[in-house]
Amino acid sequence: MTEPSAAARAPRRSKPAIDPRPGLSGLPEGALEAWLAAEGQPAYRAKQIRDGVWRQDIVAVDELRNLPAALRQSLDRDFRVDTIAADEVTVSDKGLTEKTLHLLSDGALIESVLMHYPARGRGEDGRPEHRERHTLCISSQAGCAVGCPFCATGELGFGRDLETAEILDQVRHAARRLAPRGDHLTNVVFMGMGEPLLNLDRVLEAVAALSDPQRFGMGARHVVVSTSGVVPGIRLLPELNPQFTLAISLHAARDPLRDVLVPLNRRWPVAEVVAAARDLARTTGRRVSYEYVMISGVNDTDVDADALAGLLRGDLAHVNLIPMNPVAHTPWQASSPQRVAQFAARLQQGGVGATVRRNRGQDAGAACGQLAADRAGEPPAPTVAHRRAVIVRQSEAALRGDRSAERLPADLEAAVAGWAGNR
Ligand code: SAH
Ligand code: SF4
């Protein structure tokens, strides 16, 4: 047996424990009915409670006014009506972007971003061609083990998987804020903190609740799950027929570069990720979108555009080009608007559809995980300098075509092994 490390021996600062009561919004179908039966309560109470959770977006048991006080008490004893302890909202883009930092019961911080898109265009009948949209971007984990160097969440490292109710309560909080304005959510995207396919069971439960007409009731085309490329997870999807559209965070079409930009690529390389996504698109008939964060001089050259077009030509696929949001501790800048436009044009000439996406909420630090990373505090200057030097060295080697010989970071190795072991 080896000696425990100094870190393991050091006294731990006590952390608030997770409240053991399950969140009401995350209960699987039938669970509420079973609980009511065990409590000797009539079955019709289930609909009243569900409507409170999903139509009124209640956050406290007292809001269930149509229940007798004794039943409210038993509910409160066994469940949490809300799994989020506190919200801190930052508004930017002249009110079009609202970023929320959510505090969970154990002190973990996660983020969601609500983006408003006004109606645009006029048809011949005078009606807007594109209806108003309200899109919510939600988190599936606190932190992330994948560690993409351009991502503030990657910088934070892995915290923990979110419970199903913690995922869904982000949605209910946004819906509750929208309701007094007469608005409702039109789209939900899993593009906040965390890698959804490394918390797949809970994400699937959350999607089931989102698409269930008795609960949130949103159509499959309006829910998007984004993954950095957990191939066995993508391979499971066709038979599960989940009610969402898949997005793949590709960011590079060549393995040496993707090994650096998305470290998970060292386990599941580009060709395997694209083959799995292609098979899914064939089965579901739904287009897969590929996210591509544009980083100046790193992944935005003509050679990259041609490699990407060669990879996706003929597929049921679409590329979204996103200029990188500047993030502390990386040496990189966003590609210029001209470079992004040229890259998009070259993809289109190569037979692949592409759209340039605008970044939202830069002035509010709304890049993925940025608020929570700011809260965690700046690491010491030598750590930042070392990290930058490593990224520069790795990306130079990648541009020469050398593949990374580095192992996966320990947290990621554990997450990948755990995932495989559970199936
Ligand atoms: N982990 C999953 C989903 C969450 S990340 C994934 O990677 O797909 C959601 C999206 O935000 C990803 O496409 C990611 O590449 C993008 N993103 C992260 N950091 C960014 C930054 N600094 N600028 C622009 N987009 C970023
Ligand atoms: Fe994780 Fe996605 Fe950020 Fe990469 S981009 S570190 S996979 S959250």
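Reader: What covers the buried residues of α11?

Author: Two remarks on conventions come first. This is a predicted model, in which local features need pLDDT of at least 70 and side-chain atom pairs count only at pLDDT 80 or more, while totals for chains, interfaces and linings use all residues. Residues are numbered from 1 along each chain as its sequence is written, and chains are lettered from A and ligands numbered from 1 in the order in which they are written. Helices (H or I, at least four residues) and strands (E, at least two) are DSSP runs, numbered from the N terminus. The cover over the buried residues of α11 includes β12, β13 (317–323) and α12.

Reader: Which residues of α11 are buried, and which are exposed?

Author: A residue is buried if 20 or more other C-beta atoms lie within 10 Å of its own, exposed if 12 or fewer, and partly exposed in between, with C-beta atoms placed from the backbone. In α11, the buried residues are Asp304, Ala305, Leu308 and Leu312. They lie on the same side of α11 because they cover an arc of only 100° around the axis, the arc being that of the directions from the helix axis to the C-beta atoms. Asp302, Val303 and Gly310 are exposed on the other side of α11. Gly314, with a positive phi near 90°, follows the helix.

Reader: How does one describe the packing of two helices?

Author: Two packed helices are described by the angle between their axes and the distance between the axes. Axes are lines fitted to C-alpha atoms, for helices over the stretch in contact, and angles run from 0 to 180 degrees between N-to-C directions. Here the axes of α11 (residues 302–312) and α12 (residues 337–349) come within 9 Å and cross at roughly 35°. Asp302, Ala305, Leu308 and Ala309 of α11 make the contact with Phe343, Arg346 and Leu347 of α12; two residues are in contact if their C-beta atoms, placed from the backbone, lie within 7 Å. By class, this contact has five nonpolar, no polar and two charged residues. Ala, Val, Leu, Ile, Met, Phe, Trp, Tyr, Cys and Pro count as nonpolar, Asp, Glu, Lys and Arg as charged, and the others, Gly among them, as polar.

Reader: Which residues does Leu347 touch?

Author: Leu347 lies in helix α12 and counts as buried, with 22 C-beta neighbours inside 10 Å. Not counting residues up to four places away in sequence, Leu347 touches Ala305, Leu308, Ala309, Val319, Val352 and Ala354. Leu347 and Ala305 are 42 residues apart in sequence, yet 5.9 Å apart in space, C-alpha to C-alpha.

Reader: Which residues come nearest to ligand 1?

Author: A residue is near a molecule or strand if its C-beta atom, placed from the backbone, lies within 6 Å of it. Of the 17 residues around ligand 1, the nearest are Cys151, Ser226, Ser249, Glu291 and Asn325. The shell has 10 nonpolar, five polar and two charged residues. At least two residues of this shell come from each of β10 (223–227) and β12 (288–294).

Reader: How is the shell around ligand 2 divided?

Author: The shell around ligand 2 divides into six nonpolar, six polar and one charged residue. Cys144, Val146, Cys148, Cys151 and Gly154 come nearest, of 13 residues around ligand 2.
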